[in-house]
Amino acid sequence: MSTDLPELDTMDDYIEYILGDVAPYGEDLYETEFFIEKRWVEISDRDDDTNIVLHIFGEDGNYMRVVNGNIPTGSWSTLENSSNTMLINEGGRYELFDKVFMNGDFMILKKHRNQHTPIIGSKYFFIARESLVKQDDTVMSWLDIMELWYNVYRLNNFWIAAVVLIIIFGIFLVLLSTI
């Protein structure tokens, strides 16, 4: 099984390709320790998007979306009957998102809507932990961030293979000792 990423066209294409491999290593939104009070940078593959957009989800339900230092505030919550649906209110505008993937480094949400309706930009809301993807005033390229995200699968795949090899080696030693 290859752990190399193919060459694809858009960030959405990469998300859909990677998601099948990394999904088992994700968490649920009710596990708030993975995203509360962390600084999240919004990732985009649009060449014309030069803004650095920071998102902070407060423990008390406060939400900040910081665009180049300007801070419109709002609130966030998860729906009681769905541990993987988030409601974000920014300036009186409410948006409903479904969790696609989340761990301590990456969060990917999808706006709850008809996904076949054409829109400008990505159908995914992709944010990454700021300290992982930003140094000084520069955010890594979206393609490098896709590679980082795919490492979730690569690293877990490595450890699974290592455990299997250790078990096989142990069985081999047991068999040798009986000869």
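**Figure 1. The largest nonpolar core brings 26 residues together.** In this predicted model, Ile43, Phe126, Met146 and Trp149 have the most contacts inside the core. A nonpolar core here is a set of buried Ala, Val, Leu, Ile, Met, Phe, Trp, Tyr and Cys residues joined through side-chain atoms within 4.5 Å. Buried means under 20% relative accessible area, exposed over 50%, and partly exposed in between, using a 1.4 Å probe and protein chains only. At least two core residues come from each of α1, β1, β2 (53-57), β6, β7, β8 and α3 (142-177). Helix α3 supplies the largest share, 7 residues. In soluble globular proteins, nonpolar side chains tend to be buried together.

A word on reading these views: local features need pLDDT of at least 70, side-chain atom pairs count only at pLDDT 80 or more, and totals for chains, interfaces and linings use all residues of the predicted model. Residues are numbered from 1 along each chain as its sequence is written, and side-chain values use heavy atoms, leaving out hydrogens and water.

**Figure 2. Met146 and the residues it touches.** Look for Leu5, Met11, Tyr14, Ile15, Ile18 and Phe126, which Met146 touches when residues up to four places away in sequence are not counted. Contact means heavy atoms within 4.5 Å. Elsewhere, a second, separate core of 15 residues includes Ile36, Phe57, Trp76 and Ile88.

**Figure 3. Eight strands close into a barrel.** Follow the order β1-β2-β3-β4-β5-β6-β7-β8, with antiparallel pairing. On average, neighbouring strands of this sheet are turned by 35° against each other, direction ignored. Two strands pair if DSSP finds at least two bridges between them. Helices (H or I, at least four residues) and strands (E, at least two) are DSSP runs, numbered from the N terminus. The protein has 3 helices and 10 strands in total.

**Figure 4. Strand β2 is buried on both faces.** Val53, His55 and Phe57 lie on one side, with Leu54 and Ile56 on the other. Because 5 of the 5 residues of β2 are buried, this strand is largely enclosed by the rest of the structure. β2 pairs with β1 in the antiparallel sense over 3 bridges, and Val41 stands opposite Leu54. With β3 (residues 62-67), β2 forms 5 antiparallel bridges, and Phe57 has Tyr63 as its bridge partner there. The β2-β3 hairpin has 4 residues between its strands, and Gly61 in the turn has a positive phi of about 95°.

Figure 5. Axes are lines fitted to C-alpha atoms, for helices over the stretch in contact, and angles run from 0 to 180 degrees between N-to-C directions. Strands β6 (residues 93-102) and β7 (residues 106-111) pair in the antiparallel sense over 5 bridges, and Lys99 stands opposite Leu109 in β7.

**Figure 6. The second largest pocket is lined by 18 residues.** Ser44, Asp49, Asn51, Val139 and Met140 lie nearest its centre. A pocket is an open set of points on a 1 Å grid over the protein atoms alone, where a 1.4 Å probe fits, with protein on both sides within 12 Å along at least five of seven lines; lining residues have an atom within 4 Å of a point. β1 gives the most to the lining, with 3 residues.
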